[in-house]
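I opened the notebook to record what I looked up in this structure.

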Amino acid sequence: MARAVTPRRKALNTFAAWLIGLIIFFPILWIFVLSFKTEGNAILPPLDVLRAPWTFESYGIVQDRSDYFKHFGNSVILAFGSTLLGLIIAVPAAWAMAFVPGKRTKDILMWMLSTKMLPAVGVLYPIYLMFIKLGLLDSRIGLVIVLMLINLPIIVWMLYTYFREIPGEILEAARMDGATLREEILYVLTPMALPGMASTVLLNVILAWNEAFWTLNLTAAKAAPLTAFIASYSSPEGLFYAKLSAASVMAIAPILIMGWFSQKQLVRGLTFGAVK
Amino acid sequence: MATQHSRSAARLMMAPAVTLLLGWMLIPLSMTLFFSFRKYLPMRPDIAQEWVGFDNYVRFVTSSSFWPSIQATLIIVGGVLAITVVLGIALALLLSQEMWGRGIVRVLVIAPFFVMPTVTALLWKNMFMDPVNGFFAHILKAVGLTPIEFLSQHTLLSLIVIVAWQWLPFATLILLTATQSLDAEQLEAAEMDGAPWVSRFLWIMLPHLARAITVVILIQTIFLLGIFAEILVTTQGAFGSRTLTYLIYQRVLESQNVGLGSAGGVYAIILANIVAIFLMRIVGKNLDT
């Protein structure tokens, strides 16, 4: 609804929007500032914090003391592993639903969505028990599978909506030219669907990176990703503002950047096409 | 012939996804259901497992922590929904206006959504709401007031603020998407006919956003019913912040009363399904068009 507006109105809009935007963003900005201060300076009143000297010290300490990069590595493995595994399983399914829709395609899609609505806490003990019995507790492979399963409906759903936008005639033409199903998917569909697949990967990496129910309940030390590592700072004796800030900044920065690129896909992926 | 062939191929291609999700849903679900009818205390091998019928279901709802947990859940979910929907509409309408640097403002506004829940919780708990060194405490002291113990004295309100900060971007983004399809000509016509801003908002914008608002409410409700990390990190269920999800978690993993916790889990599943049915209807309708 872009309309010509008076400069005064535009200035007013700009002022209000920037003010609110900065207030909302402020907590993130503030831990960014604190992460560059010494522990002693980080607990001073805000103005004194700003005046205190800047230092990289906290970033070094976080790594030395707590093996930060091991947890970072776990987060990377869990987020990308679960997304890629999900993609391998979801691409054929989404392809079939988009290009060979049957009577029950819609029902299957809806049913897949409904599995996403199952409250995690309702199945906590069975999963926990299975993890113990299978020796998967505190293992990366177990969590990769769980994170893949909780995001699979979203992956299938997003891919389905992207695939549906690809005109079926192109695929038919490829088939007429004698392309096999495998060739059709690999050489015709995939290049066209690449942007959609990239968005799907992006959103699901973000969701898996930030997942904080299963990662907290199914890991201890070995497989703990950043969500669990940061939660370990919650004990009262661990009140180190500067180090906590540094650890937090490193944990959220990569995802914040990816998130900014995936704004539009977020709506598509999280509302299941209910809002366009 | 070709269709027949591609149909069976399609079925084969859907099989892994469908089978996995079916297993992921049915196996744990039937185990929860099974446990919920049994006395099952894994930490107490001296107490035998046995069938107890609906005992666990009755005990879960008659325990003294049940109603407070429902109350805490409703207050948190309701509070967060109210804040995110009202502010989300306001922000979406503001951000759809002409301004300088709209892209950057959008980025600032949606950023909290990408912060992992444990960071969000710790950041608010320590750097902002801590009664000694927190940002708010410093501000209050600077103007001569006594610092407030946010999380222990105004527990639910503090949690609502934390979770609303996290979810406001989601509401804003979806509502912003919906405002983009607003009919500018219709709005202009109404403006020229002398309709004041309030009636333009009430009779044109709000009806247009109605469906997006419903979707925001439904999706957020499903996610908010399950908030866990925010409570684990801030209060661990103390000071009246024990929601239904957290209560079940404590029963199942902390006190390892699996039978009782599983009955609670079944209640949570039923509750989530009631919300889900409405959401699915909207999604389903949209799938046809």
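Which residues does Leu91(B) touch, not counting residues up to four places away in sequence? I looked this up in a predicted model, where local features need pLDDT of at least 70, side-chain atom pairs count only at pLDDT 80 or more, and totals for chains, interfaces and linings use all residues. Residues are numbered from 1 along each chain as its sequence is written, while chains are lettered from A and ligands numbered from 1 in the order in which they are written.

**Entry: Leu91(B).** I found that Leu91(B) touches Ile20(A), Val109(B) and Thr172(B), a contact being two residues whose C-beta atoms, placed from the backbone, lie within 7 Å. I placed Leu91(B) in helix 3 (residues 66-95) of chain B, where helices (H or I, at least four residues) and strands (E, at least two) are DSSP runs numbered from the N terminus. Leu91(B) counts as buried because 25 other C-beta atoms lie within 10 Å; the cut-offs are 20 or more such atoms for buried, 12 or fewer for exposed, and partly exposed in between, with C-beta atoms placed from the backbone. I also noted Leu168(B), which is 77 residues from Leu91(B) along the chain, with 9.3 Å between their C-alpha atoms.

**Entry: helix 14 of chain A.** I recorded that seven of the nine residues of helix 14 (residues 263-271) of chain A are buried, among them Arg268(A) and Gly269(A). The buried residues of this helix pack against helix 8 (140-164) and helix 10 (181-210) of chain A, and also against helix 8 (155-179) and helix 10 (197-225) of chain B.

**Entry: chain A as a whole.** I counted 14 helices and zero strands in chain A, and 46% of its 276 residues are buried. For chain A I noted domain 1 (7-58) and domain 2 (68-234), with bounds that come from an automatic or database domain assignment. The centres of these two domains of chain A, taken over C-alpha atoms, are 36 Å apart.

**Entry: the contact between the chains.** I found 88 residues of chain A and 91 residues of chain B in the contact. On the side of chain A that touches chain B, helix 1 (residues 7-34) of chain A gives the most, with 16 residues. The residues on that side of chain A divide into 69 nonpolar, 16 polar and three charged, where Ala, Val, Leu, Ile, Met, Phe, Trp, Tyr, Cys and Pro count as nonpolar, Asp, Glu, Lys and Arg as charged, and the others, Gly among them, as polar.
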